[in-house]
Amino acid sequence: MSRQWVRGALLLAGLLLPALLLAAEPPRKAMRSFDQVHVAWSNAMRWGEMEEREPFLGTASLAGLDDFQRRRWEQVRISGYRERSRNLQADGRLRIRAEVSLINVHTQAERSVVVDEYWAWMPELRSWKLDSGLPDLWPER
């Protein structure tokens, strides 16, 4: 009896696990639309102001955006944004590793930062949102 229960559990797990993984993965059409969203995001990063970046943020990221962060972002200008790699995570989010070049408005010093962005497919909006919030341009050393 015990062996049959173990076999049944393994069979059930073998059938359910792939189905759960597929449910977490965005549909193919959504994956194709990400390129358009990401080009618009990179343009907003390079040429836009904070108001043009906000529509790309998820609701949790927008809720966490405070005045301090907004003032910090006003002190820099993005001079470059380049995608380095793209990986689909097990939870269905896309991880984008990007290099962001920025210039401090006050000192005119330029530097680059490598950031990880996590994008999530929002089926109710039929769009991608930046789930990880604005990139951290001031990482601790």
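I was working with a predicted model, in which local features need pLDDT of at least 70 and side-chain atom pairs count only at pLDDT 80 or more, while totals for chains, interfaces and linings use all residues. Residues are numbered from 1 along each chain as its sequence is written, and side-chain values use heavy atoms, with hydrogens and water left out.

I placed S85 in strand β1, residues 76-88; strands (E, at least two residues) and helices (H or I, at least four) are DSSP runs numbered from the N terminus. Leaving aside residues up to four places away in sequence, I noted that S85 touches R95, I96 and R97, a contact being heavy atoms within 4.5 Å. The C-alpha atoms of S85 and R97 are 5.2 Å apart, and the two residues are 12 apart in sequence.

I then turned to backbone angles, since most residues other than glycine have a negative phi. Q108, in the loop between β2 (94-104) and β3 (110-122), has a positive phi near 60°, and I recorded Q108 as exposed at 56% relative accessibility. R126, in the loop between β3 and β4 (127-130), likewise has a positive phi, near 55°, and is exposed with a relative accessible area of 63%.

For the whole chain, I noted five helices and four strands, and 33% of the 141 residues count as buried.

Notes. Buried means under 20% relative accessible area, exposed over 50%, partly exposed in between (1.4 Å probe, protein chains only).
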